[in-house]
Amino acid sequence: MNAETLMAEALLQAQAALALDEVPIGCVIYHAPSARIIGRGHNRRQTDADPTAHAEIIAIRDAARHLGDWRLEDCTLAVTLEPCPMCAGAIVNARIPRLIYGCADPKAGAVQTLFTLCSDARLNHRVDITADVLAANCAAMLQAFFQSKREMGKK
């Protein structure tokens, strides 16, 4: 699957988050040997009352259950927003070799914006990174969500 197709699937997950009134971030994990998406996730922090319920963490757990292994060595993770430090660390720890993300996160981006965890030579694993895939679509969904929240707060 190419990067745009995977990001389109991640955007569907972001829509699922939006339906729950969660921050619309979605993630999928593609397993190359089986040529299938084996992990899906969207933000569920409010729904689950869980600060770790980020889209990437949910998708990583789903993929690991599917494979029966914590090592996701033959996988690509696609997420609509640049991962935060927790999620970038989980990507490294899961040994995911490839990361695709939509838009950069100037407030918490830990892949290329604020930190470079996925390419830090001091860590035992590095990740091939493809940024800005369908970035305008990803950013527009987030901007519309937060704009609606600001407008609701004015009422």
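The legends below describe close-up views of a predicted model. Local features need pLDDT of at least 70 and side-chain atom pairs count only at pLDDT 80 or more, while totals for chains, interfaces and linings use all residues. Residues are numbered from 1 along each chain as its sequence is written, and side-chain values use heavy atoms, with hydrogens and water left out.

View 1. An open sheet of five strands has mixed pairing and the order β2-β1-β3-β4-β5, where helices (H or I, at least four residues) and strands (E, at least two) are DSSP runs numbered from the N terminus, and two strands pair if DSSP finds at least two bridges between them. The edges are taken by β2 and β5 (128-130), each of which has a single partner strand, so one side of each is left without a neighbour in the sheet. On average, and with direction ignored, neighbouring strands of this sheet are turned by 15 degrees against each other; axes are lines fitted to C-alpha atoms, for helices over the stretch in contact, and angles run from 0 to 180 degrees between N-to-C directions. Helix α3 packs on the sheet and touches β1, β2 and β3, its direction making about 145 degrees with that of β2, and contact here means heavy atoms within 4.5 Å.

View 2. Seven of the seven residues of β3 are buried, where buried means under 20% relative accessible area, exposed over 50%, and partly exposed in between (1.4 Å probe, protein chains only). β3 pairs with β1 in the antiparallel sense over five bridges, and valine 28 has alanine 78 in β3 as its bridge partner. Five bridges also join β3 to β4, and these two strands run parallel; alanine 78 has isoleucine 100 in β4 as its bridge partner. The chain passes from β3 through α4 to β4 in a right-handed β-α-β crossover, a term used if, with the strands pointing away from the viewer, the path from the first strand over the helix to the second runs clockwise.

**View 3. The hairpin of β1 and β2.** Strands β1 and β2 run antiparallel and are joined by six bridges, with tyrosine 30 standing opposite isoleucine 37 in β2. Four residues lie between the strands of this hairpin, in which alanine 35 takes a positive phi near 55 degrees. Five of the seven residues of β2 are buried.

**View 4. Leucine 72 in the largest nonpolar core.** A nonpolar core is a set of buried Ala, Val, Leu, Ile, Met, Phe, Trp, Tyr and Cys residues joined through side-chain atoms within 4.5 Å, and the largest one here has 48 residues, of which Ile29, Ile60, Leu72, Leu77, Ile91, Leu99 and Cys118 touch the most other members. The elements that give two or more residues to this core include α1 (3-19), β1 (26-31), α3 (55-67), α4 (85-93) and α5 (135-154). Not counting residues up to four places away in sequence, leucine 72 touches Ile29, Ile60, Ala63, Ala64, Leu67, Ala94, Arg95, Ile96 and Pro97.

**View 5. Two loop residues with positive phi.** Most residues other than glycine have a negative phi. Alanine 49, in the loop between α2 (45-48) and α3, has a positive phi near 50 degrees and is exposed, with a relative accessible area of 68%. Arginine 95, in the loop between α4 and β4, has a positive phi near 65 degrees and counts as partly exposed at 22% relative accessibility.

View 6. One aromatic pair is found in a search of the whole structure; the rings of phenylalanine 145 and phenylalanine 146 have their centres 5.1 Å apart and their planes at 80 degrees, so the pair is edge-to-face. Rings of Phe, Tyr and Trp (its six-membered ring) pair if their centres lie within 6.5 Å, and planes under 30 degrees apart count as stacked, over 60 as edge-to-face and the rest as tilted. Phenylalanine 145 is buried at a relative accessible area of 5%, whereas phenylalanine 146 is partly exposed at 36%. Methionine 141 lies in helix α5, counts as buried at 14% relative accessibility and touches Leu11, Ala14, Gln15 and Pro24, not counting residues up to four places away in sequence. Methionine 141 and threonine 80 are 61 residues apart in sequence, and their C-alpha atoms are 9.6 Å apart in space.
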